[in-house]
Amino acid sequence: MSLDEDTRWLEWVTRQFESIAGDDKEIDLEEFKTALKVKESFFAERFFALFDSDGSSSISLDELLKALELLIHGSETDKLKFLFQVYDVDGSGSIDPDELRTVLKSCLRESAISLPEEKLDDLTLALFESADKDNSGSITFEELKAELENFPEVMENLTISAANWLKPPDLEQKKRQTPRYLTLTYWQNNSRKLLFLCAYACLSLLLFTAAMLQNRHGGAWFMVAKGCGQCLNFNCTFVMVLMLRRCFTWLRATWVVRILPLDQNILLHQIVGYAILCYTVMHTISHVINFVRLSQHSSYSVWEYLLTTRPGIGWVKGTASLTGVLLQLLIGLMVLCSSTFVRRSGHFEVFYWSHLSYIWVWSLLVVHCANFWKWFVVPGLVFILEKLLGLAVSHMGGLYIVEVNLLPSKVTHLVIKRPQFFHFKPGDYVYINIPDIAKYEWHPFTISSAPEQSDTLWLHIRSMGQWTNRLFEYIRQPETQAESPKRLAHSLRNRRQMKTQEELYRSTISNGLVASNEDDTIELTMYRQNGLNSGAIQVLRSQSTTADPLGQAERGEGPPLREISAKLGESPRFCNFKCYVDGPYGTPTRQIFASEHAVLIGAGIGITPFASILQSIMYRYNMRKQNCPNCNYSWCENIKDSEMKLRKVDFIWINRDQKSFEWFVSLLTKLEMDQADEEPEGRFLEMHMYMTSALSKNDMKAIGLQMALDLLAKKEKRDSITGLRTRTQPGRPEWAKVFQKVSEEKKGKVHVFYCGSPALAKIIKAQCERFGFHFYKENF
């Protein structure tokens with residue numbers, strides 16, 4: 001930093017110190033822990049001891065500035081010496097295995113990673129053996145420095161990242177950049193949506209102007225009211241057209257998808273909804289002002305014009321004003337309850353039930369406006385037919401949930417018996433109604449099983465709201481109660497469950513899933529422990545005919561099947577309770593097989609659409625696989641066809657903590673096995689796992705742990721956190737670097753598919769526009 005920047009930074013640190021230290025102008029250990037925001041007290045105590053150079057059990061401003069000078073302005077050697085002192089707990093000048101184990105254990109707690117004691121021992125030995133070059137039984141400073149040179153990215157910014165108050169602020173003034181909405185790339189990537197919005201705005205302006213000119217005899221405010229009224233006629237019908245899901249699903253398979261922004265129908269629905277609110281407010285205000293003017297020249301007061309039928313305004317017994325007031329209240333309530341803070345705060349039911357008032361809105365509009373029925377009749381008929389068709393299809397044959405499994409992170413896995421004529425595409429979603437949970441509520445969830453899995457349908461549901469929490473608790477409750485008065489009913493249900501188990505077992509045998517040897521028995525047992533039913537095992541088995549996972553495990557080329565993953569949740573429970581399914585409905589992910597290079601990004605439970613997609617991709621990939629007749633080598637030819645143009649798939653999964661990975665890891669393990677052999681042009685499917693709670697490699701509190709995890713992953717050929725071959729990366733992805741690598745691979749046109757939080761979607765979309773990638777967001 002320059003002299004001026006250094007002075008400003010010094011003033012900033014002084015203010016931070018004074019706010020923490022208080023009146024005594026000293027920071028004690030407890031204040032230091034609070035300011036540092038560390039989860040593990042070990043590091044707070046070690047840092048405090050090194051900062052407290054005079055041993056007074058408190059840190060003065062001078063001591064703090066001296067330590068910061070080293071950590072921020074010091075050389076790499078100075079920083080490494082500080083790190084070495086942190087690890088050298090007893091101050092002997094070397095690090096022994098027990099000290100290293102203590103540090104790594106604290107690193108695990110700081111990064112919210114839970115590993116068994118045996119794995120901690122393995123990590124300690126892996127790092128110690130790598131660093132102890134002379135086999136002396138201890139690590140010296142020079143040996144630690146030499147070991148860190150193998151990790152150049154660590155040395156770029158070695159600091160205590162969690163202590164935000166220790167970091168200097170960004171003093172560099174950012175250059176003023178052109179807003180992304182004015183860039184050429186943004187207009188190219190959003191051309192369909194922007195052209196559609198322009199056409200929508202022009203049509204609204206045309207309708208508004210035409211209505212004003214037709215009613216120019218009534219005065220300015222009367223003209224504005226009529227102009228807004230005509231726009232409301234159009235918008236209150238158009239908002240319904242944008243939610244014709246079944247029609248939109250059909251249109252996605254036609255050439256129309258290349259012209260109309262069908263993937264943004266929800267966004268457009270929201271825009272039109274806000275437009276309706278604005279037009280309604282303007283329409284009401286204009287009429288109120290007009291009524292004030294009329295009341296000055298008639299015997300009726302303003303309130304009589306607004307709240308009575310005496311003036312006779314309206315084509316149905318003068319009820320225009322009364323219905324208008326009710327419409328204003330209903331529309332305002334619908335918009336308010338549709339807000340993000342309502343839907344995302346676990347109160348989806350508030351949004352759901354308030355939105356059903358659209359029935360009253362349309363009914364009142366027919367009474368309120370003499371011409372509304374002309375706008376409504378055709379779209380309304382289509383909407384009613386679609387609703388009736390969905391209701392008929394969903395209730396034609398009641399479906400049954402035949403198996404449930406409670407997975408980590410409060411994820412409920414439902415296995416539904418698939419109807420014979422139920423056809424869907426990877427990434428599609430359905431509306432499900434479970435009468436035992438809520439008789440009249442329908443909720444949308446993505447199908448997580450592949451279309452090639454013919455006998456069952458999977459749904460993975462994260463408990464995030466009232467309905468999903470009720471579902472989780474309903475399944476978790478004991479099946480029988482000690483003092484239940486309905487013991488015969490429970491007995492009958494248990495008998496049905498046993499019958500279902502027997503049928504599934506027979507299905508397993510009829511599908512050829514009979515263990516031919518001890519290893520096959522182990523494989524089938526592993527699949528069942530991970531919540532896979534007989535139909536899923538059949539699909540997985542059909543995909544792995546050439547992968548030879550058992551052989552790899554025996555040869556030591558992959559993880560042993562017995563250790564692929566631990567039991568992920570409670571044992572699968574066979575059941576038989578009724579549900580209704582409406583759908584399937586298409587999503588933007590239907591474009592994936594028309595892509596050449598697909599990047600799938602899921603955040604948390606946003607992985608569910610990609611569960612189906614990845615299974616389907618690997619099924620089609622294995623259909624292309626070629627086998628050498630003289631050896632066990634297999635490969636996949638790089639062929640484009642009408643079914644799948646994909647040449648490369650990058651799968652990125654971002655999770656908050658370690659436990660969130662567990663429920664999906666069994667499928668990812670299977671997908672890794674399916675492409676055990678390297679392809680001539682590299683792996684067809686690459687996985688990238690990120691754990692945001694884990695501290696990055698350049699953080700002093702995690703540097704040793706991340707080095708040990710890297711070393712052990714290379715040795716065991718699998719990640720210690722997930723059990724996958726793919727190494728879990730700490731922190732959040734650096735999207736610029738991720739997309740730069742994707743761009744340099746030159747595997748064809750890149751399409752990015754995302755499902756997760758809206759905040760992250762904005763960041764990814766901005767990066768896609770920068771690199772010229774097509775961006776699709778799962779939204780329903």
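Visitor: Which residue of β5 is the bridge partner of Thr412?

Guide: Ile461 in β5 is the bridge partner of Thr412.

Visitor: Before we go on, what kind of model is this?

Guide: It is a predicted model: local features need pLDDT of at least 70, side-chain atom pairs count only at pLDDT 80 or more, and totals for chains, interfaces and linings use all residues. Residues are numbered from 1 along each chain as its sequence is written, and side-chain values use heavy atoms, with hydrogens and water left out.

Visitor: Fine. How many bridges join β2 and β5?

Guide: Seven, and the two strands pair in the antiparallel sense. Pairing takes at least two DSSP bridges between two strands. Strands are DSSP runs of E with at least two residues, helices are runs of H or I with at least four, and both are numbered from the N terminus.

Visitor: What about β1 and β2?

Guide: Strand β1 (residues 399–407) pairs with β2 (residues 411–417) over six bridges, also antiparallel. Leu407 has Val411 of β2 as its bridge partner.

Visitor: In what order do the strands of that sheet run?

Guide: The order is β4-β3-β6-β1-β2-β5, six strands in an open sheet with antiparallel pairing. Its edge strands are β4 (443–446) and β5 (456–462), each pairing on one side only. Neighbouring strands are turned by 40 degrees against each other on average, direction ignored. Axes here are lines fitted to C-alpha atoms, for helices over the stretch in contact, and angles run from 0 to 180 degrees between N-to-C directions.

Visitor: How many residues of β5 are buried?

Guide: Seven of seven, so β5 is largely enclosed by the rest of the structure. Buried means under 20% relative accessible area, exposed means over 50%, and partly exposed lies in between (1.4 Å probe, protein chains only). Thr456, Trp458, His460 and Arg462 point one way from β5, and Leu457, Leu459 and Ile461 point the other way.

Visitor: Next sheet. Is the pairing of β12-β11-β10-β7-β13-β14 parallel or antiparallel?

Guide: Parallel, in an open sheet of six strands. The edge strands are β12 (728–730) and β14 (774–777), and each pairs on one side only. From one strand to the next, the twist averages 20 degrees.

Visitor: Which helix packs on it?

Guide: Helix α30 (residues 758–771) does, touching β7 (597–603), β10 (648–655), β13 and β14. Its direction makes about 165 degrees with that of β14. Contact means heavy atoms within 4.5 Å.

Visitor: And how many bridges join β13 to β14?

Guide: Four, between parallel strands, with β13 covering residues 750–755. Phe753 stands opposite Tyr776 in β14.

Visitor: On to aromatics. How many pairs are there?

Guide: A search of the whole structure finds 26. Rings of Phe, Tyr and Trp (its six-membered ring) pair if their centres lie within 6.5 Å; planes under 30 degrees apart count as stacked, over 60 as edge-to-face and the rest as tilted.

Visitor: Why do Phe196 and Phe238 count as stacked?

Guide: Their ring centres are 6.1 Å apart and their planes are at 25 degrees, so the pair is stacked.

Visitor: Buried or partly exposed?

Guide: Phe196 counts as partly exposed at 22% relative accessibility, whereas Phe238 counts as buried at 15%.

Visitor: And how do the rings of Tyr754 and Phe775 lie?

Guide: Their centres are 6.5 Å apart and their planes at 25 degrees, so this pair is stacked too. Tyr754 in strand β13 and Phe775 in strand β14 are 21 residues apart. Both are buried.

Visitor: Which residues form a cluster through ring pairs?

Guide: Phe196, Tyr200, Phe234, Phe238 and Trp375 are linked into a cluster.

Visitor: Last topic. How many residues has the largest nonpolar core?

Guide: It has 84 residues, and those with the most contacts inside it are Tyr87, Leu600, Phe651, Trp653, Phe664, Leu668 and Leu685. A second, separate core of 39 residues includes Met212, Val256, Val335 and Tyr358. A nonpolar core is a set of buried Ala, Val, Leu, Ile, Met, Phe, Trp, Tyr and Cys residues joined through side-chain atoms within 4.5 Å.

Visitor: How much of the protein is buried?

Guide: Buried residues make up 52% of the 780 residues. The secondary structure comes to 30 helices and 14 strands.
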